[in-house]
Amino acid sequence: MSGIQSNLDGQAHWRSALMDNYGTPGLTLVRGEGARVWDADGREYLDLLGGIAVNALGHAHPEVVRAVTEQISTMGHISNLYVNPVAVELAEALLEIAGLGATAGSEANGRVLFVNSGAEANEAALKITRRTGRTKIIACEGAFHGRTMGALSLTGQPSKREPFEPLLPGVVHIPFGDIDALKAVVDSDTAAVVLEPILGEGGVIPAPDGYLQAAREITKQAGAMLVLDEIQTGIARTGVWFAFQRAGVMPDVITLAKGLGGGLPLGAVIGVGETGDLLEPGQHGATFGGSPAGCAAGLAVLRTIARDNLNDHVAALGKDIAAGIEELGHPLVSGVRGAGLLIGITLRDTVAPAVAKAAERAGYLVNPVAPDAIRLAPPLILSHEQAEGFLDALPTALDSTQKGN
Ligand code: PLP
């Protein structure tokens with residue numbers, strides 16, 4: 001261990017040992033339990049960001065700890081040169097919750113590829129789209145799909161892209177939520193339209209009603225794939241297993257990561273129907289993809305969400321939090337958006353970093369996802385009492401950024 005003694009000490013060590021791509025964080029977190037975390041100075045916080053929508057079951061959940069401990073004590077890694085029963089079980093579970101499971105007498109209507117992160121899932125999805133023989137891809141302005149070169153090519157945020165250009169050719173970015181723009185650009189050269197159901201890193205901006213359905217129809221007409229990036233919205237984050245289920249559409253490709261591994265690095269691509277057959281032996285791979293330990297964590301996550309009816313809990317708690325924020329009637333808050341426990345609090349001023357800092361001083365970790373928006377993506381096991389504590393503390397955090405305070 002590094003022997004870090006305090007938050008300040010942690011910052012000094014981070015600054016000297018780690019590259020500066022994240023800047024130097026202010027807090028050193030050393031322990032977590034459920035939705036609570038502790039810093040190196042011994043202070044407790046309610047973690048309303050959950051490792052950026054990753055810790056679906058919170059920290060140190062007994063089911064995840066047990067599953068990973070058992071698996072790592074049995075066999076932690078085997079590569080993909082051998083059948084990995086845990087990966088098979090998780091793939092079947094994912095197909096099942098996506099509505100693609102085997103029905104009596106027939107095979108599942110899709111197949112899964114495991115990877116290690118969100119960016120890697122989108123890279124694989126891109127390669128799947130290349131198997132159509134078409135190379136034009138449509139993505140959205142403001143969207144975030146990851147930082148590796150292919151995923152970055154899809155990401156619609158110029159500040160993240162420009163230092164690394166030229167990126168993958170053939171990617172066209174259009175305004176998010178604009179059905180006419182989508183209609184105008186999708187044609188017979190289009191391999192795929194890649195969308196987030198809710199822009200996560202882009203500021204928690206939900207697709208307008210009817211957008212995903214229109215995207216489904218437009219892509220179908222053009223013989224193009226609809227790829228939904230559910231890396232942030234999937235695995236019960238919005239109160240359903242996948243956000244596309246609320247919209248009632250079935251995409252051709254679904255990418256997942258974040259909440260799937262319950263804190264372990266795990267990503268997945270689901271190819272729906274024949275899309276799941278496009279990658280042939282030798283065309284893609286990842287040494288760690290679908291590691292037994294990661295998949296054991298994934299299975300524990302899915303089983304616990306199902307056992308504890310967390311989808312219903314997330315839907316109800318998300319509504320309560322959104323209503324609670326609206327009811328505050330705070331002059332700085334212009335609205336609340338998102339779904340389930342992916343919540344954006346929009347502000348009338350560009351003071352989100354200061355609000356987040358003030359919340360942190362009060363013992364709540366939130367994320368200034370945009371200059372004028374705060375993101376909440378807490379563990380799905382967050383309790384109503386914990387949420388109420390945050391709602392009680394929020395006005396003071398908001399007040400502290402107003403002139404004169
Ligand atoms: N796609 C979406 C929607 C994301 O929110 C993220 C990460 O925030 C990614 C892709 C990239 O995932 P990762 O950071 O695991 O590469």
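Student: What relative accessible area does Val193 have?
Tutor: A word on the source: this is a predicted model with residues numbered from 1 along each chain as its sequence is written, and side-chain values use heavy atoms, leaving out hydrogens and water. Local features need pLDDT of at least 70 and side-chain atom pairs count only at pLDDT 80 or more, while totals for chains, interfaces and linings use all residues. Buried means under 20% relative accessible area, exposed over 50% and partly exposed in between, with a 1.4 Å probe and protein chains only. Val193 is buried, because its relative accessible area is 0%.

Student: Which residues is Val193 in contact with, leaving aside neighbours within four places in sequence?
Tutor: Val193 is found in strand β7, residues 190-195; strands (E, at least two residues) and helices (H or I, at least four) are DSSP runs numbered from the N terminus. Contact means heavy atoms within 4.5 Å. Beyond its sequence neighbours, Val193 is in contact with Ile138, Leu182, Val186, Thr219, Met225, Leu226 and Val227.

Student: How far apart are the C-alpha atoms of Val193 and Leu228?
Tutor: Along the chain, Val193 and Leu228 are 35 residues apart.

Student: Which backbone oxygen does the side chain of Asn84 reach?
Tutor: Asn84 lies in the loop between α3 (62-74) and α4 (85-97), and counts as buried because its relative accessible area is 6%. Not counting residues up to four places away, Asn84 touches Ile78, Gly290, Ser291 and Pro292. A polar contact is a pair of N or O atoms within 3.5 Å; within protein, one must be able to donate a hydrogen and the other to accept it, and residues adjacent in sequence count only if both atoms are side-chain atoms. At 2.6 Å, the side chain of Asn84 reaches the backbone oxygen of Gly290.

Student: Is Gly210 buried, exposed or partly exposed?
Tutor: Gly210 sits in the loop between β9 (205-206) and α9 (211-222). Since its relative accessibility is 29%, Gly210 counts as partly exposed.

Student: How many residues surround the ligand?
Tutor: A residue is near a molecule if one of its heavy atoms lies within 4 Å of it. The closest are Gly118, Ala119, Asp229, Gln232 and Lys258. Helix α5 (residues 118-130) gives the most to this shell, with 3 residues. In total, the number of residues surrounding the ligand is 13.

Student: How many residues in the shell around the ligand are charged?
Tutor: The classes count Ala, Val, Leu, Ile, Met, Phe, Trp, Tyr, Cys and Pro as nonpolar, Asp, Glu, Lys and Arg as charged, and the others, Gly among them, as polar. The shell has 3 nonpolar and 6 polar residues, and the number of charged ones is 4.

Student: What share of the ligand's accessible area does the protein cover?
Tutor: A nitrogen atom of the ligand is 2.7 Å from an N or O atom in the side chain of Asp229, and an oxygen atom of the ligand is 2.8 Å from a polar backbone atom of Gly118. Accessible areas come from the Shrake-Rupley method with a 1.4 Å probe; for residues, only the protein chains shown count as cover. Of the 390 Å² that the ligand has on its own, the protein covers 82%.

Student: What is the radius of gyration of the protein chain?
Tutor: The chain's secondary structure comes to 14 helices and 17 strands. The globule rule, 2.2 Å times the number of residues to the power 0.38, goes with a radius of gyration taken over C-alpha atoms. For 405 residues the rule gives 22 Å, and the chain is close to that, so it is as compact as a globular protein of that length, with a radius of gyration of 21 Å.
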